[in-house]
Each structure stands twice: as C-alpha cells, then as structure tokens.
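Hi,

Here is the structure I promised to pass on. Have it open while you read, and my notes follow below.

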There are 2 protein chains.
Amino acid sequence: MNRLITVAAAQLGPIQRAEGRDVVVARMVRLLERAHQRGANVVVFPELAFTTFFPRWYVENLDEADGWYEETLPSPATQPLFDAIRRYGLTCYLGYAEIAHEPDENGVLRKRRFNTSVVIAPSGEIVLKYRKVHLPGHKEFSTIRKVQHLEKRYFEVGNLGFPVTRAPVGGVDVNLGMLICNDRRWPESWRELGLQQVELVMLGYNTPAVNQENRGFEAPYQRQFHSQLSIQAGCYQNATFGVGVAKAGNEDGFELMGHSVIVNPQGEVMALASTWDDELIVADCNLAMCELGRSTIFNFAQHRRLEAYQRIATQTGSSAPAVWQPGQCA
Amino acid sequence: MNRLITVAAAQLGPIQRAEGRDVVVARMVRLLERAHQRGANVVVFPELAFTTFFPRWYVENLDEADGWYEETLPSPATQPLFDAIRRYGLTCYLGYAEIAHEPDENGVLRKRRFNTSVVIAPSGEIVLKYRKVHLPGHKEFSTIRKVQHLEKRYFEVGNLGFPVTRAPVGGVDVNLGMLICNDRRWPESWRELGLQQVELVMLGYNTPAVNQENRGFEAPYQRQFHSQLSIQAGCYQNATFGVGVAKAGNEDGFELMGHSVIVNPQGEVMALASTWDDELIVADCNLAMCELGRSTIFNFAQHRRLEAYQRIATQTGSSAPAVWQPGQCA
C-alpha cells in the first residue's frame, strides 16, 4: 500500500552574527509559505536555525552567550514561525540552541545548554525533542585553528537518546526520528533510529566548507561527498528516508557548505540543493519503500548478531591490535 | 611518515559447478604472477574462491556437499596457490568453505561448517582467520525464489568475532582485518574493526547481479551502488583502506556482479574493476592516510557516546516506536 508524503528541505543561507531573530524568522516564514505552495506536508530546517553558527566565536563566560539560545519555544521573537506552521498545516523540524533549567545527573537543578531539535505538529505543539549526542570540535580556545569549533564548550552531550515516535504527517502516520549535523557521520546514530523502525530521519547541519584539520589529505569537495555518503549509507542500511538540511554560505567571512539533500531508502539522492542561500527542495516520499530493506536484506531480527557487536557498546576509544607472531594462528 | 604498500584485488570470473579446483587454482596462480609483476605486496581474492557459489544449489543432506569445503588448507589441490604465494613473497586474503572438527557451544566435538577467510603470510603460514558473521539468505528450500540463497543452511554463524592483527606486509606493519560479502553492508562489522584501528579491510564477495527479492523497488544497477556505498562509508567512517573483491560473471546461468573496488580512508574509489572475469586492479595505499580521520573527526575516544548506543548491542530486531499522543511532549 502506498503511503505518500511530500517532504521539503528548507535550506537557509547565511545568518550574520549581528542579525536578529526577526530577520531570520521572516525568512523561515517565507520558506514555509513556499513549501505550502509546493504541496509539502513536512518541512525540515537546519541545525541552530535562528542564529549564526556561533560555536565559531569564543566567549570566556557562557552566560555572555545566552542571547544565542532559546529559553522558551515559541518566544515572542519566534512566534511568527509557529503561526505560519499552524496557518499552513505543516509538520516541521527545527534546530536551536536550548537553555533548560533542569536537574543534572546529580539531581541538582542547573541552567543547562543543549544543541537541540524538535518536531512541531501543525497545531504548534512539540511532538518530539532530541538533543545532539555527537558534539564535534573542542571545549577550550584552540590556538592552532584559524576558526574555532567550540560545540563541546557551548553544549552538554544530549541526554535524550535517539527517540523515534509515530505521528501523523499530512494524514499518514510516520515513524519520525532526528539527528543533528555531526550525528550523521556516525552509523551508531542511524542504527539506534533504525532499531525503532524509523521511516523519516530529519537532520539539520552547519558544516564549514573547509575542514580546518585536513592536513593536506582532504580536499574541499570531499566535504560534500562525506556528508552525502554518510546520509546515503545511513538511509540504505536502515531502510529509511533521510533529509539533510544545511545552513549555508558566508557568515562573517566563514563559509558553510550547502548541498541539502533528500535521500530514499535505497540510498539514492532524490533532490539536491544547488545554492548556498535560502532554497527549498521537495520530494514525494512513498513510505512503503521502507518495507523492502526492513523485511529482506536488513531484516535485523534474522541477520543481526549481538554477540559480535560487544565492542561497540562497551569500548569508547579504539585500541591497538595484537602484533602477530609467527606460529600464532595454527 | 609515509607507509606505502601496494594492494591488489584479484577478481575471479565465474566458476561452473562442474569445474574442479585444479582449474581455479591455476587461474589464481596466474593472478598472483600478474600481481607480482605489478609490484603488489598483498593480494585479495573473493569469498568462496575455490568453487562455484554453491549456496544457490539445494542439498537435502549437508554431507553430500563436502566436496565444496576444505578440511585442510593447503590441501594437495590448493598447494600450488601456497607455492606461488611463497614464490612471489605475497601476503594473501582468501575465502573458502571450511569444515572444522571442533567443539560446539555445548562442548561436543562436531563436524562444523563455516564461510571462512584467512590471511596467508609470504611464508605460507596462516596469519589470521575469520568466519562470516552476517550470513544472508535462508536455511530451507524456498519455493518462491527463482534462485536459492542457502547460506544459513550451509554455514554456521562465525564464532571468531571480527579479529584484527598487526602483521608485516611488504616490510610495513599493517593492522589487517577481514569481512566477507554481506558483512560489508553492516556498519557494525566495520566499527568492530575500526575500534581495533584497522588500516586495511580485505573482503571478498559473491553477489548475485539481481536481488531476487526486489519487489519492483530495486533496479539491477543499484546492486553495484549498494555494495560500493557500503564499502565507501565503512572506510570513511573508520578511517581505513578497503578492498572488495568479487567472484563475477555467469555461473551455470546465474549472474554475479563484478565491480571489485579499492577504497581509501576518505571513502574514495582508487581502483574499480571493469569486467566480470578474472581481472587484477592495483593501487598504492599510503597507510599514513588513516591517521587523519582517526585522530580528528573520528577520534572515537573523544566523540563516541556509549550510553546512547545500548540498543545496538542489546536489541537484535527492530521494534515499533510509541505512537505520539497530543500533549505528550510538553
């Protein structure tokens, strides 16, 4: 039985450090309007969609950075986005910097910071929340980098796992999951979602166009290749649709790659952005396509072998292998 | 510091059911000679390299199938291959059907069958043995398939994990790991090797050119795409070189895909076979390239989060997610 939904990736062009939420939210509302015109049921925005990619800027005291975070969603500044979601009857994925006043692992109420995404229902209600698990970069100011990447400073590691929920999208019940940016490079993220029968993985990203640590081994064009490779493999190996959405372009002199993409459960690209600016790409996704992989080659119940996977869940870093000695393997 | 080895993929064309090991071994010896002429240090052969892909043929009683297995390696029939390995000073990966007389999980000595691969040193000694973990297909005769795929009948699930060892290859110490065929589609296999700092993943395959279970959703060209996508992603996400080697062509009316491939730690194709016959492809691999990913974006110790991976090692099959109820996620 066909189960058709129309999916839109709403890529955002650059947001300069000095720009306010009002400008950004107005741009996002225009993209929602355009998505409605194109017949979309669900719209995916980037990671940290309301601000510049601020982890490139160092602050000594995190409290000075509160202006980049949301304490409530919606807020007066972001309310027009929620109004548009309701007006057009859209489901929406949105990434933002979250301040949460909640107990830490020791039960002490604290002001905590996460790199967060939510799924918003057409009613404006939050359906599902995810907090980024794989924070790239570093915590302290790096004297050897030309550009900082301080996600480990600005955010705690996400503490909500990789949740999936079944919720209506344009009249079709869909198993919805989320990732954020660097999560997409980690097959563990995709598999956690796949084990919950995810059918649509929504993920936003802010990816610098040049790898600052390339050491001469990574050409700039490989940044797009690696992003797409990871999304395509994640979709194929978990029999799911995927939508990767960039914030792109030149922010205060620093370039972010674009190449937002919609991928099907065969791992094939269905739509690809071609600018580094605000751009909408749309694809019709027949969720029945998820059944093939899930019930045959990637029928997990039939083929997965937990006894062989124990390093994955018990060993964080890699360890050097034993050195072979002649006569060892008889 | 550059650490250069020359890697060869020795693709085999078809082997008919009636053909003997003498014919196949002679073809393999010619490929080793050619690899020596091309300056190779290590040569990778396919899965089940000595016989036709026999899991397509049903037998009622497995003992009737013993002729497709090796009880010893080398045997008189396969000795010429080992002689050539020693003559040319090559390291070699080889897949074969193994009969082992060893205790089962209950401690009872039995005749056991595995889909196995080994790394052979230039001395002819076995360096490392692996037994295929991800057996595709089915155990009983399928009345709905045009071609059987009886790997779950012919083999037990591998019981050696995913071993990695550090051994000399052409004067360079290399962290060597192995996969077999369907293993390459499972990111768990690659990650188990990556957690042991693998630098060269050798894998052979016999992959039917058409997915018998495609249900109209998978075109034949996607078979190659999926194989390559899985190998490229596995290499990139674990910062390793990979060599995937096919048995290819028409065996008794049934086509196997070719497209043997050598991939670098950036996930890029370095060499690709272009026939469905005996064919050698060669690439110079600088193992220093493995350092970039391993020490930056895929520095596992810095970035992996075990607490978020627990489903992977505790839940075999997938489970349906909870259905969202309005008001649930406040």
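**Helix pairs**

In chain B, helix H1 (residues 21–37) and helix H2 (residues 79–88) pack at an angle of about 10°, and their axes are 9 Å apart. That makes H1(B) roughly parallel to H2(B) (angles under 35 degrees count as roughly parallel, over 145 as roughly antiparallel, 65 to 115 as roughly perpendicular and the rest as oblique). Axes here are lines fitted to C-alpha atoms, for helices over the stretch in contact, and angles run from 0 to 180 degrees between N-to-C directions. Helices (H or I, at least four residues) and strands (E, at least two) are DSSP runs, numbered from the N terminus.

Before going further, some ground rules: this is a predicted model, so local features need pLDDT of at least 70 and side-chain atom pairs count only at pLDDT 80 or more, while totals for chains, interfaces and linings use all residues. Residues are numbered from 1 along each chain as its sequence is written, chains are lettered from A and ligands numbered from 1 in the order in which they are written, and side-chain values use heavy atoms, with hydrogens and water left out.

Which residues of H1(B) and H2(B) make the contact? From H1(B) they are Val25(B), Met28(B), Val29(B), Leu32(B), Glu33(B) and His36(B), and from H2(B) they are Pro80(B), Leu81(B), Ala84(B), Ile85(B), Arg87(B) and Tyr88(B) (contact means heavy atoms within 4.5 Å). Sorted by class, that contact of H1(B) with H2(B) has nine nonpolar, one polar and two charged residues. Ala, Val, Leu, Ile, Met, Phe, Trp, Tyr, Cys and Pro count as nonpolar, Asp, Glu, Lys and Arg as charged, and the others, Gly among them, as polar.

Now for a pair that spans the two chains. H5(A) and helix H5 (residues 221–238) of chain B pack at an angle of about 120°, with axes 9 Å apart. H5(A) and H5(B) are therefore oblique to each other. Residues of H5(A) in the contact include Phe225(A), Leu229(A) and Tyr236(A), and those of H5(B) include Phe225(B), Leu229(B) and Tyr236(B). The contact of H5(A) with H5(B) has eight nonpolar, eight polar and no charged residues.

H5(A) also packs with helix H4 (residues 187–194) of chain A, at an angle of about 30° and with the axes 10 Å apart. H4(A) is thus roughly parallel to H5(A). As for H4(A) itself, eight of its eight residues are buried (buried means under 20% relative accessible area, exposed over 50%, partly exposed in between, with a 1.4 Å probe and protein chains only).

**Cysteines**

How many disulfides does the structure hold over all chains? There are zero (a disulfide is a pair of cysteine sulfur atoms within 2.5 Å). For Cys290(A), the nearest cysteine sulfur is that of Cys285(A), 8.8 Å away. Cys290(A) is buried, with a relative accessible area of 0%.

Most residues other than glycine have a negative phi, and most peptide bonds are trans. A cis peptide bond joins Leu73(A) and Pro74(A), and the bond from Leu73(B) to Pro74(B) is cis too, with omega near 0°.

Phi of Ala239(B) is near 50°, a positive value, and Ala239(B) is buried at 1% relative accessibility. Asp252(B) also has a positive phi, near 50°, but Asp252(B) counts as partly exposed at 33%.

Cheers
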